[in-house]
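Here's a quick briefing to read alongside the model. Have the sequence and the 3D view open as you go.

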Amino acid sequence: MTTGTPPPTAPRRSRARTFVPLAIAAWAVLEIWLLTVVADTAGGFTVLLLLVAGIVLGAAVMKRAGRRAFRNLTETLQQMPGQPGAAAAQAAPSGSKGNGFLMLAGLLLMIPGVISDVAGLVLLVPPVRSMMGRYAERSLERRMRAATPGSLSGAFQQARIHRPDGKIVQGEVIRQDGTQPGSRPDEGPRPPLTP
């Protein structure tokens with residue numbers, strides 16, 4: 001007996017879920033191979049010193065970026081209207097941008113490996129960080145413009161009900177009585193839920 005509905009199909013696996021693990025595995029193999037090449041050329045003690053120096057430098061960079069971020073947050077909160085000693089709204093300090101890329105540079109330096117250390121050192125260069133920041137801003141603005149209006153709020157207002165047969169019924173909750181979702185008319189105890 002057929003019901004006329006097509007059989008459920010498994011969702012397609014995205015390319016990112018397929019290729020990202022493969023890329024991480026290839027990166028790890030390449031890092032290990034490069035470390036063995038450097039160890040053969042310069043010696044094992046030199047590789048150990050490079051790894052320790054990368055960890056120490058990465059920790060120092062991350063600590064500095066964290067302090068800058070905390071200082072910028074404190075200054076921003078002090079400049080808010082209504083706060084004691086608040087001044088007129090000023091532009092963001094010049095050092096406030098790029099903390100995320102500075103922390104990423106520290107993290108890359110802390111990860112053992114030659115490629116990650118080179119990438120971390122490149123991110124320590126201020127023009128590279130500002131260029132990456134501008135690219136990230138443009139990319140985010142492009143994605144925000146491409147997003148349909150109301151898509152984020154609509155995602156939170158959608159309700160999905162999973163039926164036992166695996167079908168999903170989409171719907172939207174609309175209250176006719178005008179009460180807010182979190183308010184209850186009576187504050188007494190609720191009756192237990194029964195199946």
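This is a predicted model: local features need pLDDT of at least 70, side-chain atom pairs count only at pLDDT 80 or more; totals for chains, interfaces and linings use all residues.

Residues are numbered from 1 along each chain as its sequence is written, and side-chain values use heavy atoms, with hydrogens and water left out.

**Overall make-up**

- The protein has six helices and two strands, taken as DSSP runs numbered from the N terminus (helices are H or I, at least four residues; strands are E, at least two).
- Reading from the N terminus, the order is α-α-α-α-α-α-β-β.
- Take the contacts (heavy atoms within 4.5 Å) between residues at least 6 apart in sequence: 50% of them join residues at least 24 apart.

**α2 against α3**

- Helix α2 (residues 44-78) packs on α3 at about 160°, axes 7 Å apart, where axes are lines fitted to C-alpha atoms over the stretch in contact and angles run from 0 to 180 degrees between N-to-C directions.
- That makes the pair roughly antiparallel, the label for angles over 145 degrees.
- Their crossing is left-handed: the near helix is turned anticlockwise from the far one by less than a right angle.
- The α2 side of the contact includes Gly 54, Leu 57, Met 62 and Arg 68, and the α3 side includes Asn 99, Leu 102 and Met 110.
- By class, that contact has 12 nonpolar, six polar and one charged residues (Ala, Val, Leu, Ile, Met, Phe, Trp, Tyr, Cys and Pro are nonpolar; Asp, Glu, Lys and Arg charged; the others, Gly among them, polar).

**α3 against α4**

- The axes of α3 (residues 99-110) and α4 (residues 114-123) come within 7 Å and cross at roughly 155°, so α3 is roughly antiparallel to α4.
- This crossing is left-handed.
- Phe 101, Leu 104, Ala 105, Leu 108 and Leu 109 of α3 meet α4 residues including Ser 116, Asp 117 and Leu 121.
- The contact of α3 with α4 counts eight nonpolar, two polar and one charged residues.

**Val 128**

- Val 128 sits in helix α5 (residues 126-146) and, because its relative accessibility is 21%, counts as partly exposed.
- Beyond its neighbours within four places in sequence, Val 128 touches Val 122 and Leu 123.
- Phe 101 is 27 residues away along the chain, with 9.6 Å between its C-alpha atom and that of Val 128.

Conventions. Angles under 35 degrees count as roughly parallel, over 145 as roughly antiparallel, 65 to 115 as roughly perpendicular and the rest as oblique. Buried means under 20% relative accessible area, exposed over 50%, partly exposed in between (1.4 Å probe, protein chains only).
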